[in-house]
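Thanks for coming. I will take one model today, start with the ligand, and then move to a pocket.

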Amino acid sequence: MSEIFKGIPEIKYEGPKSKNELAFKFYDADRVILGKKMSEHLPFAMAWWHNLCANGVDMFGRGTADKSFGAVPGTMEHAKAKVDAGFEFMKKMGIKYFCFHDVDLVPEADDIKETNRRLDEVTDYMLVKMKETGIKCLWGTANMFGNPRFMNGAGSTNSADVYAFAAAQVKKALELTVKLGGRGYVFWGGREGYETLLNTDVKFEQENIAYLMRMAVDYGRSIGFKGDFYIEPKPREPMTHQYDFDAATAAGFLRAHGLDKDFKLNIEANHATLAGHTFEHELRIAAINGMLGSIDANQGNPMLGWDTDCFPWDVVTATKAMYEIIKGGGLTGGFNFDAKTRRPSNTYADMFKGYILGMDTFALGLIKAAEIIEDGRLDKFVEERYSSFGSGIGKKIADRKTSLSELADYAAKLGKPELPGSGNEEGLEEIVNQILYS
Ligand code: XUL
Ligand code: CO
């Protein structure tokens, strides 16, 4: 097999002063931060769909990037060329994981039996490459939104036949994930949502989605899948109302349907901002629910109201995110770059630059988050902020050892409480800036 990304070397760490665009300035895989190597804190993954399939096509024009990798698109030869390209790319980047949808791997045939045969063939080839390189699978998923049959959803469809097809795809994608040793299995809502209540039975649709997930857990466990299942929340796009709106909604859904032991969340930055939240908010909500699973690392464009899947370059957000992840006990998954280069960034070198940017951004975020934690001033402030719950009536509340009557008597004796103290937001932001920029 000949080299595909000719002229692009293995990407090395050269340090913050380097002017080499094809080098890391901050991601130094073996550097130890808070007792762990950077590469262990940051298990980065390549998204098969954006990196190897997306060619820049949008609703106004054709693709700008050539992702044929020397083969004719739509053929099995092309499917294998993508494998060659993907493994060469990951090796040169020092990326240890990949994520995939079933239909990212092979052209879908009219008959599902033939699609599955193609999937078997390509994953045999991938396994060889995985053995050669030591690269692993972070998670797999089934694309249950692209094909027209899913126009009304998959688990939430009005058609029993389409539901059966969705189930068949989940079954196969789970088998492939197990075959490739994947750490996780993702359900992104796809078209699981609705456009208008005038034609929709929301309760029935949500219960059907939960049943599909339950069957997936039962089948997955029966074939030896030991990893986590993930819901990837998103509030809108493609449907006007997506059922997995945000982390809190997804956590509630999982609990309501008894799925919370097997599922965690895959939090995507751009989905968080579409929901009107920050990335760090979604991570905190996942963490406090015991559902901090995996990350789809990207960012939105604040000028645009849709899912732009930009490579992450906002270091402040990455710092806040890494702060939440470390404080939340880390991920069971990793950092999948669900991100694509901009349409005019259409060269092979741009593919590498996108990942260098994303990896350096999270490396900086990790370095700075560790400094904030080691500095300790934020923690100390928060601890003091709630200190009234450490003794007296506050301790009784914290220990759940009081009652409305006792609290009412206490309040009556007090007459009037003092104001609860400054939140010191500006002071804390100054501390974060001081650590970020010194
Ligand atoms: C769509 C999205 C998906 C999922 C996997 O917004 O994020 O790519 O990550 O289906
Ligand atoms: Co995603």
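Asp 307 has a polar side-chain atom 2.9 Å from an oxygen atom of ligand 1. Keep in mind that this is a predicted model. Asp 296 also places a polar side-chain atom 2.9 Å from an oxygen atom of the ligand. For Glu 268, an N or O atom of the side chain is 2.8 Å from an oxygen atom of ligand 1.

How much of the accessible area of ligand 1 does the protein cover? On its own the ligand has 290 Å² of accessible area, and the protein covers 93% of that.

Now the shell. Around ligand 1 there are Trp 49, His 101, Phe 145, Trp 188, Glu 232, Lys 234, Glu 268, His 271, Asp 296, Asp 307 and Asp 338. By class, that shell has 6 charged, 3 nonpolar and 2 polar residues.

The largest share, 6 residues, comes from H11.

As for the make-up of the pocket lining, 10 of its residues are nonpolar, 9 are charged and 6 are polar.

Definitions and conventions
Residues numbered from 1 in each chain as written. Chains lettered and ligands numbered in written order. Predicted model: local features only at pLDDT ≥ 70, side-chain atom pairs only at ≥ 80, totals over all residues. Heavy atoms only, no water. Helix = DSSP H or I, 4+ residues; strand = E, 2+ residues; numbered from the N terminus. Nonpolar A, V, L, I, M, F, W, Y, C, P; charged D, E, K, R; others polar. Near = heavy atom within 4 Å. Polar contact = N/O pair within 3.5 Å; in protein donor to acceptor, adjacent residues only side chain to side chain. Areas by Shrake-Rupley, 256 points an atom, 1.4 Å probe, with all protein chains shown as cover.
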